[in-house]
Amino acid sequence: MENKDVLILAIESSCDETAAAVVKNGRTVLSSVINSQIDIHTLYGGVVPEIASRRHAESISGVVREALEKANCTMDDIDAVAVTYAPGLIGALLVGVNFAKGLAFASGTELVPVHHLRGHIASNYISSDVKPPFLCLVVSGGHSHIVAVNDYTDFEIIGKTR
């Protein structure tokens, strides 16, 4: 029996960037598209949650479409849709989660919820050949953690900010 590559469409909208990527077998990025909102939020000296949510709603469809095109695939090729569900700005997260739910349902594809901080840890597997166990420093927005990564899905928080 031949092994089939697993393609995951990943969607991220936890704060002020709308992003989508297609990843093969959990380690090879076939496409990555990011729509940054930094210009608009700079005017206010920081992220404005309502503006972030509206911008996600305006751009998510195009970002996902472009990620699929750059990966040279369609939803028929996708095995699962992964989406950040928490933590983050609630309105921004709702845009990504609702879009991913609708897309997964309409295409008959599995939906995989991803915890934002676990996603940061898992990103190490794309950029290197690192394998658990290891210690990981996660610094993301208001979240800073030192995490013992015992196995791919087994984490222990050693320390964190409030």
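This is a predicted model: local features need pLDDT of at least 70, side-chain atom pairs count only at pLDDT 80 or more; totals for chains, interfaces and linings use all residues.
Student: Is Glu-66 buried, partly exposed or exposed?

Tutor: The relative accessibility of Glu-66 is 33%. Buried means under 20% and exposed means over 50%, so a value in between has the intermediate name. Glu-66 therefore counts as partly exposed.

Student: How far apart are the closest N and O atoms in the salt bridge of Glu-58 with Arg-55?

Tutor: Glu-58 and Arg-55 are three residues apart in helix α2, which puts about one helical turn between them. Glu-58 is exposed, with a relative accessible area of 61%, and Arg-55 is partly exposed at 34%. A salt bridge requires the nitrogen to lie within 4 Å of the carboxyl oxygen. Glu-58 and Arg-55 form a salt bridge in which the closest N and O atoms are separated by 3.7 Å.

Student: Which strand provides the largest share of the nonpolar patch?

Tutor: The patch on the surface consists of Leu-135, Leu-137, Val-139, Ile-146 and Ile-158, and together they have about 530 Å² of accessible area. Ile-146 belongs to strand β7 and is partly exposed, at 40%. The largest share amounts to three residues, and these come from strand β6.

Student: Is His-145 buried or exposed?

Tutor: His-145 is located in strand β7. Beyond its neighbours within four places in sequence, His-145 has contacts that include Leu-117, Cys-136, Val-138 and Ile-157. Its relative accessibility is 10%, so His-145 counts as buried.

Student: How many of the seven residues of strand β4 are buried?

Tutor: Strand β4 pairs with β1 in the parallel sense over four bridges, and Leu-9 has Val-81 in β4 as its bridge partner. β4 also pairs with strand β5 in the parallel sense, over six bridges. Strand β4, residues 80-86, is mostly covered, and the number of its residues that are buried is five.

Student: Which residue in β5 stands opposite Ala-86?

Tutor: Strand β5 covers residues 110-115 and is paired with β4 in the parallel sense. The residue of β5 that stands opposite Ala-86 is His-115.

Student: Through which helix does the chain cross from β4 to β5?

Tutor: The path is a β-α-β crossover, and its sense is right-handed. The helix on this path, formed by residues 90-107, is α3.

Student: Which residue is joined to Ala-86 by a cis peptide bond?

Tutor: The bond has an omega of about -15 degrees. The residue in question lies in the loop between β4 and α3. The partner of Ala-86 in this cis peptide bond is Pro-87.

Student: What is the omega of the cis peptide bond from Pro-132 to Pro-133?

Tutor: Pro-133 is placed in the loop between α5 and β6. The peptide bond from Pro-132 to Pro-133 is cis, with omega near 5 degrees.

Student: What separation do the C-alpha atoms of Asp-5 and Ile-78 have?

Tutor: Asp-5 is found in the segment before β1 and, at 38% relative accessibility, counts as partly exposed. Leaving aside neighbours within four places in sequence, Asp-5 is in contact with Lys-24, Asn-25 and Asp-79. Asp-5 and Ile-78 are 73 residues apart along the chain, and their C-alpha atoms are separated by 10.0 Å.

Student: What is the phi of Asn-25?

Tutor: Asn-25 lies in the loop between β2 and β3 and is partly exposed, at 41% relative accessibility. Although Asn-25 is not a glycine, its phi is positive, at about 55 degrees.

Student: Does Asn-72 count as buried or exposed?

Tutor: Asn-72 is situated in the loop between α2 and β4. Asn-72 is not a glycine, yet it has a positive phi of about 55 degrees. With a relative accessibility of 71%, Asn-72 counts as exposed.

How values were computed: Residues are numbered from 1 along each chain as its sequence is written. Side-chain values use heavy atoms; hydrogens and water are left out. A salt bridge is a side-chain nitrogen of Lys or Arg within 4 Å of a carboxyl oxygen of Asp or Glu. Helices (H or I, at least four residues) and strands (E, at least two) are DSSP runs, numbered from the N terminus. Buried means under 20% relative accessible area, exposed over 50%, partly exposed in between (1.4 Å probe, protein chains only). Patches are made of residues with over 30% relative accessible area and no salt bridge: like charges are joined within 9 Å, nonpolar side chains (Val, Leu, Ile, Met, Phe, Trp, Tyr) within 5 Å. Accessible areas come from the Shrake-Rupley method with a 1.4 Å probe; for residues, only the protein chains shown count as cover. Two strands pair if DSSP finds at least two bridges between them. A crossover is right-handed if, with the strands pointing away from the viewer, the path from the first strand over the helix to the second runs clockwise. Contact means heavy atoms within 4.5 Å.
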